[in-house]
Amino acid sequence: MKRINNSVLALSLFMGVTAISAQEKKQLTLDEAVQLGIQNSKNLKIDAAKIEEATADLLEAKNRQLPELKVSGSYMYLPTKPTVDLKLSSASGAGAGGPEVHQVAYGSVNLSVPVYSGGRIKYGIQSAKYLVEASKLSTENDKIAIAYNVAQAYNNLFKANQSIKVLEENLTASQKRDETFLKLENNGVIARNDRLKANLQTSNIELRLLEAKNNYNIANINMDLLLGIPETTEIEVDQNYIDEGSEVKTVDYYVNEAKENRKDLQALAQQRKAAELGTKSAKAENLPSIAFTGGYVAADIPKFLTIYNAVNVGIGISYNLSNIWKENSSLRQSQAREKQLAANDELLNDNIKLDVNREYQNTDYSKKRITVYEKAAEQANENYRITKNKYDNGLATMTELLDADAAQISANVGVINAKADAALAYRKLLQTTGTLTIK
């Protein structure tokens, strides 16, 4: 049974080494990984398109304040002779039948310069500016979220890699112990049952190592896809990031930081300003529009009429009289939009307080876990040392020794995971305050 397990493990490790050798290795710090994640994010590409759309809306709003100049012209051929009856006196000398008309050509140029529109143009431009700014702030908020998601994936990869290292070290020690116990069994020092218990412990470590490597491979592929690099790339993490956490301040400090720095809160403020201007613009629909107008008309009907130099200037006034009896639906929609955004603002502020307090507690909890795990690891290591001495002196059973060894492995892995989780929890706290730096 032992030989079969060793053969399976050797084959698995050989296949794993072969697969890894075919992969491209890439060493990345956490900050480098974050930059790659932001650079290749599909969500940020969507955000960029939204900013372009909002900018185009702003350009359209600005265009409404510019003059309108339209040129039109037409030529018509008349295949049949039209009946032209000029109501002129006989003294004019016009013939009773009138001239023969077979073609008509005319053209016009019209200019309209907006003078007054009740403020609709001004409100539209300013509102579009607010919405462009809101789109940019939303993008910044998404960048911070991506930075944390990359950190989370990086953390998972680090934990999986560290678990492999610890298990490989313990597997080597366990295999050496198996060799020693086999010699002791052959010399009649220990019973075969004790040696088999040690073999079973080794097999359990082998299974845990295979599971850890499987988790590592999955975490690595997830990281590759998140960073937008080939999924065959093996990422080597920098374990120094787990020591980046700073001293945690009071929870009130982080709540205030969130109110000042949260990009989604700032984006919502811009949207509310745009909605207020939308309400003013809707009210302005009940006001008339005034524009300066000018034009030029030319026409030619051979043998009948020629017009040129027909220049006109004036003032145009437009007012929709139906506004007198029609209710302003645009105004009601805009006011409803204002109420909705105001409610969203209150809800977001409540959620921010909840998020900051929750992540503050999680950060504090994660730091305390490190102390507990370090103490547990120290106790487990000392317990294994004492148990090993007792076993060597015949004062402890094989079961007690193996249990002490298993507890030592678990405690050492727990310390590593606790430190990684604490570093990630601190980054999550910074994300909820909007202050997670992107270098």
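**Briefing: helix packing and local features**

Lys42, Lys45, Glu52, Glu53 and Leu59 are exposed residues of helix H3, on the face turned away from its buried side. This is a predicted model, in which local features need pLDDT of at least 70 and side-chain atom pairs count only at pLDDT 80 or more, while totals for chains, interfaces and linings use all residues. Residues are numbered from 1 along each chain as its sequence is written, and side-chain values use heavy atoms, with hydrogens and water left out. Buried denotes under 20% relative accessible area, exposed over 50%, and partly exposed the range in between (1.4 Å probe, protein chains only). Helices (H or I, at least four residues) and strands (E, at least two) are DSSP runs numbered from the N terminus.

**Confidence**

- The chain has an average pLDDT (the predictor's confidence in each residue, from 0 to 100) of 85, and 90% of the residues score at least 70.
- Helix H6 (residues 251-261) has the highest confidence in the chain, at 94, whereas helix H1 (residues 2-21) has the lowest, at a mean of 46.
- Residues 1-5 have pLDDT below 50, and this stretch has six contacts in the model beyond near neighbours in sequence; a contact means heavy atoms within 4.5 Å.
- For residues 7-11 the pLDDT stays under 50, and the model has four contacts beyond four places in sequence.
- Where pLDDT is low, the predicted coordinates should not be read in detail.

**Helix H3**

- H3 (residues 42-63) has 22 residues and spans 32 Å from its first C-alpha to its last, close to the 32 Å expected at 1.5 Å a residue; the expected span is 1.5 Å times one less than the number of residues.
- The buried residues in H3 are Leu44, Asp47, Ile51, Ala54, Leu58 and Ala61.
- Viewed down the axis of H3, these buried residues fall within an arc of 80 degrees, so they line one face of the helix; the arc is that of the directions from the helix axis to the C-beta atoms.
- Helix H2 (30-39) and helix H4 (120-186) are among the elements that cover the buried residues of H3.

**Helices H7 and H8**

- H7 (residues 263-283) has 21 residues and reaches 31 Å from first to last C-alpha, close to the 30 Å expected at 1.5 Å a residue.
- Buried residues in H7 include Leu265, Leu268, Ala275, Leu277 and Thr279, and the cover over the buried residues of H7 includes H4, H6 and H8.
- Ser334 lies in helix H8 (residues 329-392) and is buried, with a relative accessible area of 10%.
- Ser334 touches Ala275, Gly278 and Thr279, not counting residues up to four places away in sequence, and its side chain reaches the backbone oxygen of Ala275 at 3.4 Å.

**Strand residues**

- Met76, in strand S2 (residues 68-77), is partly exposed at a relative accessible area of 38%.
- Leaving aside neighbours within four places in sequence, Met76 is in contact with His102, Gln103, Val104 and Tyr106.
- The C-alpha atoms of Met76 and Arg208 are separated by 89 Å, the two residues being 132 residues apart along the chain.
- Asn309, in strand S6 (residues 305-318), counts as exposed at 55% relative accessibility.
- The phi of Asn309 is near 60 degrees, a positive value in a residue other than glycine.

Note on methods:
Polar contact = N/O pair within 3.5 Å; in protein donor to acceptor, adjacent residues only side chain to side chain.
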